[in-house]
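Subject: Structure handover

Hello,

Here is the structure for you to look through. My notes on what turned up in it follow below.

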Amino acid sequence: MDHAPSVTRTWVLHPDIKSNNERRLPEPALAEAIALAEALPGLEVQGGTVVRLPKAHSGMLFGKGKIEELHQFFSAHEIELVLIDGPVTPVQQRNLEKAWGVKLLDRTGLILEIFSDRARTSEGVLQVEMAALSYQRTRLVRAWTHLERQRGGLGFVGGPGETQIESDRRAIDDQLVRLRRKLAKVVKTRALHREARAKVPYPIVALVGYTNAGKSTLFNRLTGADVFAKDMLFATLDPTMRAVELPDGPHVILSDTVGFISDLPTELVASFRATLEEVLAADLIVHVRDISHEGSEEQAADVRAILTSLGVDDDTKQIEVWNKIDLLDADDQDAVLARAARHDDVIATSSVTGEGVQDFIQAVEDALEGELITETLVLPYSDGRKRAWLFERSVVEAERQGEHGFELDLRWKAKQRAQFQTL
């Protein structure tokens, strides 16, 4: 007998707490939380509400009247899971689950679930598992409501109840120790991959941006074999890295990173630092923004803050791509194009229609072209043609005759180096 996969009827609440000076605009924040919830398989999001509060109540988060009103609403609509877009303490979680008779998940739990669902690399899977266990360890005080387990993931959304808090905590600690050991091995392997990649003489261009800014669409457009990319995947590269040949310039390695999000759980900021290390190795960082989003400025500020916390230094070249201009009406689009034109390091694009993508490619080439590379090259004495080519382009600073051939001190651009390699 075939059973249709069961879904969990879900409602999203965004608490807009007046006493929180750093609170975000409630409507876009709720829309983002609903979109996050919809990204999780097995959830059927019925809708969401902004709940305005003067301040958070320590034991229950909300006031008595609001709790009763929401209880009646959830009962009437047969809601099984409530997602609260913000931090919820273990005590608040237990009390609210009891009062409403539902399962409850806060923003951290939701993002952990999504990362767990998406993690593909062995490192990513281990990082999420460790973050999830650290989070779960603080929640063993809870009385879980018993929803049937519907899917994989971390077991916050559905799973058996917890018993024997102490033995559970010990089991979690043991598991964390095991995962740390595994992770140390994976990180070592990853460092070897990075060393191998460092020998590939191509600049790395990292796409970063807020979640859903269109990074992956742009990545796919740039690396699609029918555009201008050679889909040459190095065996040692992660699944989200591709070698791309720019029309007039060098090969570059294009790297698509995990989407950033505001209020990223602290457990994940630490654990995904390694995943984002590619950004630190980048020669050029491309910050992709959804310029059609009403909170685009706030999102951009979040991304810049995360880049700073990762230790990206001021010397790393950056360009901004204002993406999704196809979603703007004609007047707004004209205004955005005019604003972008005033900045050398800003390009307005639509990765869906392709508008502005050629300008973006040109900007990448210009940014990388300026990088002068200094290195010493040994050419066999028989390689007169290559030596002549280097002198013709005035890139030789000094020349010595060594045991194995001409030793040439070069100062040249990435583009010239790439051309030389094709000789």
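**A buried phenylalanine**

Phe-62 is buried, at 1% relative accessible area. Buried here means under 20% relative accessible area, exposed means over 50%, and partly exposed lies in between (1.4 Å probe, protein chains only). Phe-62 sits in the loop between β2 and α2 (64-76). Its C-alpha is 8.7 Å from that of Val-51, and the two residues are 11 apart in sequence. Element names follow DSSP runs, numbered from the N terminus: helices are H or I with at least four residues, strands are E with at least two.

Before you go further, note that this is a predicted model: local features need pLDDT of at least 70, side-chain atom pairs count only at pLDDT 80 or more, and totals for chains, interfaces and linings use all residues. Residues are numbered from 1 along each chain as its sequence is written, and side-chain values use heavy atoms, with hydrogens and water left out.

**The core**

The largest nonpolar core has 36 residues. Such a core is a set of buried Ala, Val, Leu, Ile, Met, Phe, Trp, Tyr and Cys residues joined through side-chain atoms within 4.5 Å. Which members touch the most other members? They are Val-12, Leu-83, Leu-110, Val-208, Val-279, Ile-285 and Leu-307. Two or more residues come from each of α1 (26-38), β2 (43-53), β3 (81-84), α4 (107-118), β5 (204-209) and α10 (296-310). Helix α1 gives the largest share, 5 residues. In soluble globular proteins, nonpolar side chains tend to be buried together.

**Salt bridges**

A salt bridge is a side-chain nitrogen of Lys or Arg within 4 Å of a carboxyl oxygen of Asp or Glu. The count comes to 20.

- Arg-9 and Glu-44 meet at 3.7 Å, N to O. Arg-9 lies in strand β1 (residues 8-17) and Glu-44 in strand β2, so the pair ties together parts 35 residues apart in sequence. Arg-9 is partly exposed at 24%. Glu-44 is partly exposed at 34%.
- Arg-24 and Asp-85 also form a salt bridge (3.7 Å, N to O). Arg-24 is in the loop between β1 and α1, and Asp-85 is in the loop between β3 and α3 (90-100), so this pair ties together parts 61 residues apart in sequence. Arg-24 is partly exposed at 24%, whereas Asp-85 is buried at 7%.
- Arg-137 pairs with Asp-173, with the closest N and O atoms 2.8 Å apart. This pair links distant parts of the chain, 36 residues apart: Arg-137 in helix α5 (residues 122-137) and Asp-173 in helix α6. Both are partly exposed, Arg-137 at 31% and Asp-173 at 28%.

There is also a network of salt bridges. It links Arg-289, Glu-297, Arg-304, Glu-320 and Arg-339.

**Charged patches**

For charges, a patch joins like charges within 9 Å, using residues with over 30% relative accessible area and no salt bridge. Lys and Arg count as positive, Asp and Glu as negative; His and the chain ends are not counted. Each charge is placed at NZ of Lys, CZ of Arg, CG of Asp or CD of Glu.

The surface has a positive patch of Arg-178, Arg-181, Lys-182, Lys-185 and Lys-188. Lys-185 lies in helix α6 (residues 165-198). At 63% relative accessibility, Lys-185 is exposed.

A negative patch gathers Asp-329, Asp-331, Asp-332 and Asp-334 on the surface. Asp-331 belongs to helix α11 (residues 330-341). Asp-331 is exposed, with 63% relative accessibility.

Best wishes

Terms used. Patch = residues over 30% accessible without salt bridge, like charges linked within 9 Å, V, L, I, M, F, W, Y side chains within 5 Å. Areas by Shrake-Rupley, 256 points an atom, 1.4 Å probe, with all protein chains shown as cover.
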